[in-house]
Amino acid sequence: MWNLEPLDHLPKPALYHQLAVALSHLLHGERDFLANAANTAALLFHTLPDLNWVGLYRWIEPELVLGPFQGKPACVRIPLGRGVCGTAAAQRKTVVVPDVHAFPGHIACDPASRSEIVIPLLVGTQLIGVWDMDSPKPHRFDETDRLGLERLMQILLHASWPDPVPLPEPRPLTEAPPHPHTRPGP
Ligand code: SME
């Protein structure tokens with residue numbers, strides 16, 4: 001059982017160090033990405049202060065699709081290049097938005113959100129999805145948050161894809177691979 005408490009009494013570097021240790025333990029031995037993303041969302045939502053939404057959008061070509069999260073129900077599909085999530089996915093770069101009202105094209109799922117950070121999730125060169133976090137406080141996410149959260153996302157990705165090799169590109173199956181017990185022909 002995990003006894004989760006807000007860690008807002010700690011300075012940010014110590015807070016992110018503790019979270020990195022906690023997340024590594026939480027995900028240890030489990031490779032299922034959606035299960036790991038669900039537990040990551042729960043851990044961050046219950047320990048980091050001033051958040052109203054934390055979770056995953058998966059890249060399912062040609063768009064982002066809602067995955068495990070904590071917070072209010074959210075929009076399900078986001079096209080590449082749209083909103084903060086689609087922008088981070090298209091640029092493959094973390095996007096920090098101090099004031100969502102000043103971000104052209106921001107998609108408002110929860111009207112309480114005032115600032116946001118979105119981190120692209122990459123395995124090798126392959127886009128897996130984006131990690132989205134919203135706050136009801138303007139200017140909630142600074143450079144220390146960006147670095148700390150990017151490190152946590154590396155832990156999430158490494159738990160699910162421990163080998164540092166890119167995933168194979170999806171390709172149509174043309175024929176079934178030979179069964180291992182099939183005897184070779186004459
Ligand atoms: N605000 C996001 C949409 C997702 S919700 O915040 C959960 C965006 O602009 O892409």
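**View 1. His-106 and the ligand.** In this predicted model, a side-chain N or O atom of His-106 sits 3.3 Å from a nitrogen atom of the ligand. Now think about how much of the ligand is covered: on its own it would expose 300 Å², and the protein buries 100% of that.

**View 2. Backbone atoms of Val-84 and Cys-85 facing the ligand.** Here it's the backbone to look at, not the side chains. Val-84 has a backbone N or O atom 3.0 Å from an oxygen atom of the ligand. For Cys-85, a backbone N or O atom lies 2.9 Å from an oxygen atom of the ligand.

**View 3. The shell around the ligand.** How many residues surround the ligand? There are 13, and the closest are Val-84, Cys-85, Ile-107, Glu-116 and Asp-134. Sorted by class, the shell has 8 nonpolar, 2 polar and 3 charged residues. The space the ligand takes up is the largest cavity.

**View 4. Val-100 in its loop.** Look for Val-100 in the loop between β4 (95-97) and β5 (115-123). Is Val-100 buried or exposed? It counts as buried, because its relative accessibility is 2%, and the cut-off for buried is under 20%. To get your bearings, find Gly-83 too: Val-100 and Gly-83 are 17 residues apart in sequence, and their C-alpha atoms are 9.9 Å apart in space.

Conventions. Residues are numbered from 1 along each chain as its sequence is written. This is a predicted model: local features need pLDDT of at least 70, side-chain atom pairs count only at pLDDT 80 or more; totals for chains, interfaces and linings use all residues. Side-chain values use heavy atoms; hydrogens and water are left out. A residue is near a molecule or strand if one of its heavy atoms lies within 4 Å of it. A polar contact is a pair of N or O atoms within 3.5 Å; within protein, one must be able to donate a hydrogen and the other to accept it, and residues adjacent in sequence count only if both atoms are side-chain atoms. Accessible areas come from the Shrake-Rupley method with a 1.4 Å probe; for residues, only the protein chains shown count as cover. On a 1 Å grid over the protein atoms alone, a cavity is a set of points where a 1.4 Å probe fits but cannot get out, and a pocket is an open set with protein on both sides within 12 Å along at least five of seven lines; lining residues have an atom within 4 Å of a point. A molecule sits in a cavity or pocket if more than half of its atoms lie within 2 Å of its grid points. Ala, Val, Leu, Ile, Met, Phe, Trp, Tyr, Cys and Pro count as nonpolar, Asp, Glu, Lys and Arg as charged, and the others, Gly among them, as polar. Helices (H or I, at least four residues) and strands (E, at least two) are DSSP runs, numbered from the N terminus. Buried means under 20% relative accessible area, exposed over 50%, partly exposed in between (1.4 Å probe, protein chains only).
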